[in-house]
Each structure stands twice: as C-alpha cells, then as structure tokens.
Amino acid sequence: MEGAYILPRIASLDNPLRLAVLISGSGSGLEALLNHQNIPRLHHTELIISDNHNAKGLKYGYEKNINTKIISLPEINNKIEQRILHEELIHIELIKSKIELIVLSGYMRILTPSFVAKWKGRIINIHPSLLPDFPGANAHRDVIKAGVKLSGCTVHLVDSGVDTGMILEQRQVEVLPKETIQTLQNKIKKIEHELYPKVLDSLSEGVYHSIS
Ligand code: GRF
C-alpha cells in the first residue's frame, strides 16, 4: 500500500514555503505564479527545473534571478535506469535548495513511484480537465472527441498513478460547440493561472491539513 500524504508545514510571511517549480514547455503557469509572488506570500519559488533545454518558460526564471536548472534525461540506454538517475539528479537539487513543495507546472514526465514515495503530499500538479475524467497528456483532444459540455482544471496532490492523486480544487469552463483544442486550452489556462497560485496560498496556510 502507498504511504499517506504528508503535507508541507504551515508557513508564515517571515518563513515562506520553499517551492521548486518543474516545467517542460511554455511556462505560462510559472509566469503567473511568479507574478503572484511579486508581493510577499506564504510561499516563494526558490528553484526552477526543466527537463527540456528548449523550454520557453526557462526565461521567467532567468529574468527573476531564480536558481534555474536544466536537468535533461541522462544519455544512457537502459530506460529504467535513465528515469531513476534523472530523478536522482532532480532530488539532489531539491535537497540542496531545501525545497518543501514541488509544483508541477506543465512538467511532461511521469514521476516514478519511488520518487513520489519520498515526496508524497509535497508534490502538487495542475491538470487541464475535470479529473477523474480525461487524465493523461491529451486532455483537450479527448474532451472535444467525447463531446462533453463541461471541462476545466484540477489541482491535485500527486500519487504514483497518472493524474489520480487527491483532488484539492477544480474550476469549470463550458465547452462550446465550435471549440478547438487551441481555444479550449487558452480558456482553461486563464483559469489555471488564477486557481493554482490560490491553492498554493491555501496549502501554505494549512487549509488542506484536515483533509489529507
Ligand atoms: C497546463 O495547461 C497544465 O494544466 C498542464 O500543462 C499546461 C502547462 O502550460 N499540466 P504552461 O507550460 O504552463 O504554459
């Protein structure tokens, strides 16, 4: 059986939670979070990690002088060893920066159960659908194909499944008849950029401590 979620401590303005944000792509969610943190909050981004050296989002870390690392998949043939070694390199950086919460923000790799076990309750993700419906990497495509009228986004704690961890908050949007993947993605990103920073505020305040 998997271990319980161990949430991060309740933070204070004097001692905000130390966040690491993991990205793979455009980083619009990271940008929204960094803007939210322009004034003192109960959390602060100390470290940004991308597995992709071309990720556009890296620039937000460089602009704000945040410790920003590219950690690509190591070049070894054995896929299992490759994943484990990659996560070990990430884990070392997280420890070095005394990270208390890992924020997945468009990070496109699935974490191994052994990595999740070390951080369970201290890894959070945002997914662009109303989970448990439409998990996985192609949520918008799957939503449109299914012809459903509502979609949205979900912030959840990460467990060892794919988009299966404990749901913290969701927001809905209407899926219009002429919706495309692009229009749906744009609409959902807008609400994601409001919701994710707010959930991080709540988590840092201890709002979810009673439900975990
Ligand atoms: C977001 O829609 C998020 O829900 C999903 O990946 C997307 C990341 O976008 N997990 P960006 O890289 O933050 O622009």
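A word on conventions. The model is predicted, so local features need pLDDT of at least 70 and side-chain atom pairs count only at pLDDT 80 or more, while totals for chains, interfaces and linings use all residues. Residues are numbered from 1 along each chain as its sequence is written, and side-chain values use heavy atoms, with hydrogens and water left out.

I begin with the overall architecture. The chain has six helices and seven strands; these are DSSP runs numbered from the N terminus, helices being H or I of at least four residues and strands E of at least two. Along the sequence they follow the pattern β-α-β-α-β-α-β-α-β-α-β-β-α. The radius of gyration, taken over C-alpha atoms, is 17 Å, close to the 17 Å that the globule rule gives for 212 residues, so the chain is as compact as a globular protein of that length. That rule is 2.2 Å times the number of residues to the power 0.38. Along the principal axes, the C-alpha atoms fill a box of roughly 50 × 45 × 40 Å.

Next, the interior. Of the 212 residues, 48% count as buried, meaning under 20% relative accessible area with a 1.4 Å probe, protein chains only. In soluble globular proteins, nonpolar side chains tend to be buried together. Here the largest nonpolar core has 36 residues, and L101, V103 and I124 have the most contacts inside it. Such a core is a set of buried Ala, Val, Leu, Ile, Met, Phe, Trp, Tyr and Cys residues joined through side-chain atoms within 4.5 Å. The elements giving two or more residues to this core include β1 (17-23), β4 (101-104), β5 (123-127) and α6 (181-205). Which element provides the largest share of this core? That is α6, with eight residues. A second, separate core of 17 residues includes L47, I90, W119 and I123.

Finally, I turn to β6 (150-157). Seven of the eight residues of β6 are buried. Strands are said to pair if DSSP finds at least two bridges between them. On one side of the comparison, β5 and β6 pair in the antiparallel sense over four bridges, with I124 opposite L157 in β6. On the other, β6 and β7 also run antiparallel and are joined by seven bridges; there, C153 stands opposite R171 in β7.

Technical notes:
Buried means under 20% relative accessible area, exposed over 50%, partly exposed in between (1.4 Å probe, protein chains only).
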